Amino acid sequence: MLRYVTTNEGKVAEAREYLDDVSALDFDYTEIQSDSLVDIAARGAREAHAHADEPVIVDDAGLFVDSLGGFPGPYSAYVEDTVGIEAVGRLAERERGNEEDGRAAFRCVIAYCDGEEFAASPDPVDRGDRVTAAATDLDEDEESGDEDADDGSSPSGPPVKLFEGVVRGRIVEPRGDGGFGYDPIFEHDGTTMAEMSTVEKNAISHRGRALAKFGEWYHER
Ligand code: ITT
Ligand code: NA
């Protein structure tokens, strides 16, 4: 049994399209103060595995708005809880120049840990810097082909396997009732993620891309 360590039901619903044996595990791992989604997810996965003694995945995600220098990024959950997504939309609108278009990216890092070593990846890349970079630095074509990355070199616990997904889009006035979190203000190809079904969102989303890569690797394992 694979455990998705999250309190966010929306994440688990999206994961079921890729993983048939997944269930949510409500474990309050330490969300370290870090500007790296990779660090947060990797440490969370190690801690959750040590606690649960089952294969676990932790998913850390964030919205990176170009005109705000990548804010709220790794602080997206805190910002949603404190000021709300509409405030982020208004801030993005106020800060963007005429030539800007509300451009933003959503990023997701999935960290898997089962306490075992992994076979070396054919092309191990440390994706950490890519994940913390401001959305301005990203190129979707490059990002959408993300490979997975090994993090076995870290001294702080058992190896963690990392999978990343990125989607680019625009910040708009809220539309739609589906999805969760920032979905109503994040538009991709004319549709907000809250206007998409789970299947449609997965087909283009940061999490869908990360899950597709994870699912492929996990089913071979
Ligand atoms: P867990 O930590 O329990 O998994 P969370 O909702 O806090 O749940 P994250 O820290 O990964 O998950 O999420 C960071 C923020 O980004 C939070 O405000 C989410 O609502 C939001 N978010 C994550 N994935 C999203 C998605 O697919 N669409 C819209 N918003 C999303
Ligand atoms: Na979180």
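Trainee: In the hairpin of β3 and β4, which residue takes a positive phi?

Mentor: That residue is G69, with a phi near 65°, and the hairpin has six residues between its strands. This is a predicted model, in which local features need pLDDT of at least 70 and side-chain atom pairs count only at pLDDT 80 or more, while totals for chains, interfaces and linings use all residues. Residues are numbered from 1 along each chain as its sequence is written, and chains are lettered from A and ligands numbered from 1 in the order in which they are written.

Strand β3 covers residues 56-65; strands are DSSP runs of E, at least two residues long, numbered from the N terminus. Two strands pair if DSSP finds at least two bridges between them. β3 and β4 (residues 72-73) pair antiparallel over two bridges, with F64 opposite P72. To β5 (residues 103-113), β3 is joined by 10 bridges, also antiparallel; G62 has R107 as its bridge partner there. β1 (residues 2-5) runs parallel to β3, with two bridges, and R3 stands opposite V56.

In a regular strand the side chains alternate between the two faces of the sheet. In β3 both faces are covered: V56, V58, D60, G62 and F64 are buried on one side, and I57, D59, A61, L63 and V65 on the other. Buried means that 20 or more other C-beta atoms, placed from the backbone, lie within 10 Å of the residue's own.

As for confidence, pLDDT (the predictor's confidence in each residue, from 0 to 100) averages 85 over the protein, and 81% of the residues score at least 70.

Technical notes. A residue is buried if 20 or more other C-beta atoms lie within 10 Å of its own, exposed if 12 or fewer, and partly exposed in between; C-beta atoms are placed from the backbone. Helices (H or I, at least four residues) and strands (E, at least two) are DSSP runs, numbered from the N terminus.
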